[in-house]
Amino acid sequence: MLNGMHVYLNGKLVPESQAMVSIDDRGFLFADGVYEVIHVYRQKLFEWNLHLARLGRSLAAIQLPAVDGSELALIAEQLIGELGPEQSEASLYIEVTRGTHRRAHGFPPPGSTPPTILMWVRPVSPISKETVEHGVPVITVPDDRWAKVWVKTIGLLPNVLAKEKAHQNGAFDAIFVRDGIVTEATSANIFMAKDGVLYTAPATNYILSGITRQVVLELAQARNIPVNLTPFSVEQLLTADEVFLTGTLTEVLPIASIDGYPVKSPSGPLALQLLQDLHERAGLHA
Ligand SMILES: Cc1ncc(COP(=O)(O)O)c(C=O)c1O
């Protein structure tokens, strides 16, 4: 974090070193909370409304009250304003937990604790051109997550373990596979292209429906690229022409190999086109 930047915690902007949550915070004890990550390009929030809507769905899914989106947007702008002018890209993190109460599984009694609301902005380094050109290696892992992956909860241990397994195997990320079907990566969705058709997993409860996934589908549609949302297998993935990840900070990132098998076109034309279109939508080519 840049020196002197504040974070927002429970109604106040405080220096990061003074931002503390209780040992009884239910986020800490039970991962009882939800979150969002939003890309900030040139001081502007990318697709804020889509992220806010998803945060609303996540909060409703775990029976937490809605947040005031316009208030959060004002605070987010203040936090973004603390970035130096040279900082072209950053991420905004929002987390809401069920608040602080003596440890017990059931919800705290109504009115006994407000939710904990945390927000910070931190600089991010853009993914290098070389990484995009070469693509990244991934491995496949069993998707042993719960059945409500569509909720963006802070309970990310399976994702953490899968990502670490990827790193321990010299890979960039892990691709979850449920009953032979490819779902997504640890913090990104996955697309493949075959004979000019774009494929990605349908938005069921078994994937986190990415905002970037949605944007990329719209960008593909605008270019008349056919899209197929039928579930696909690892075998199909291995015969694809192109495979790539999509995510808020991942953007559109080509995959070079899967479990050591090279992808036909690691940095293929569709991925590069869609990345360019995404950057255009984010105002980077203006
Ligand atoms: C499991 C998972 N899938 C997909 C995504 C991509 O979502 P988005 O494009 O909204 O960042 C994320 C983002 O964090 C994620 O955690």
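Val 7 stands opposite Val 14 in strand E2. This pair belongs to strand E1 (residues 6-9) and strand E2 (residues 12-15), which run antiparallel and are joined by four bridges; two strands are taken to pair if DSSP finds at least two bridges between them. Strands (E, at least two residues) and helices (H or I, at least four) are DSSP runs, numbered from the N terminus. Together E1 and E2 form a hairpin with two residues between them, and Asn 10 in the turn has a positive phi of about 50 degrees.

The structure is a predicted model, in which local features need pLDDT of at least 70 and side-chain atom pairs count only at pLDDT 80 or more, while totals for chains, interfaces and linings use all residues. Residues are numbered from 1 along each chain as its sequence is written.

## The six-stranded sheet

E1 also pairs with strand E6 (residues 116-123), in the antiparallel sense and over two bridges. Here Leu 9 has Leu 118 in E6 as its bridge partner. These strands are part of an open sheet of six strands with antiparallel pairing, in the order E2-E1-E6-E5-E3-E4. Because E2 and strand E4 (44-45) stand at the edges, each with a single partner strand, one side of each is left without a neighbour in the sheet.

The partner of E4 is E3, and two bridges join these antiparallel strands. Within this pairing, Val 40 stands opposite Leu 45 in E4.

## Overall form

The protein has eight helices and 15 strands. Its radius of gyration is 19 Å, close to the 19 Å that the globule rule gives for 286 residues, so the protein is as compact as a globular protein of that length. The radius is taken over C-alpha atoms, and the rule is 2.2 Å times the number of residues to the power 0.38. Along the principal axes, the C-alpha atoms fill a box of roughly 55 × 45 × 35 Å.

Arg 145, found in the loop between strand E7 (136-142) and helix H5 (157-168), is buried because 20 other C-beta atoms lie within 10 Å.

## Two domains

The protein is divided into domain 1 (6-123) and domain 2 (129-281), with bounds that come from an automatic or database domain assignment. Their centres, taken over C-alpha atoms, are separated by 26 Å. In domain 1, 18 residues are in contact with 10 residues of domain 2, where contact means C-beta atoms, placed from the backbone, within 7 Å.

On the side of domain 1 that touches domain 2, two or more residues each come from strand E3 (33-41), helix H2 (48-61) and strand E5 (89-97). E3 gives the most, with seven residues. By class, this side has eight nonpolar, six polar and four charged residues. Ala, Val, Leu, Ile, Met, Phe, Trp, Tyr, Cys and Pro count as nonpolar, Asp, Glu, Lys and Arg as charged, and the others, Gly among them, as polar.

## Around the ligand

Of the 14 residues around the ligand, Leu 208, Gly 210, Ile 211, Thr 212 and Thr 248 come nearest; a residue is near if its C-beta atom, placed from the backbone, lies within 6 Å. Helix H6 (211-222) and strand E13 (242-247) are the elements that give two or more residues to this shell. H6 gives the most, with three residues. The shell is made up of four nonpolar, eight polar and two charged residues.

Technical notes. Two residues are in contact if their C-beta atoms, placed from the backbone, lie within 7 Å. A residue is buried if 20 or more other C-beta atoms lie within 10 Å of its own, exposed if 12 or fewer, and partly exposed in between; C-beta atoms are placed from the backbone.
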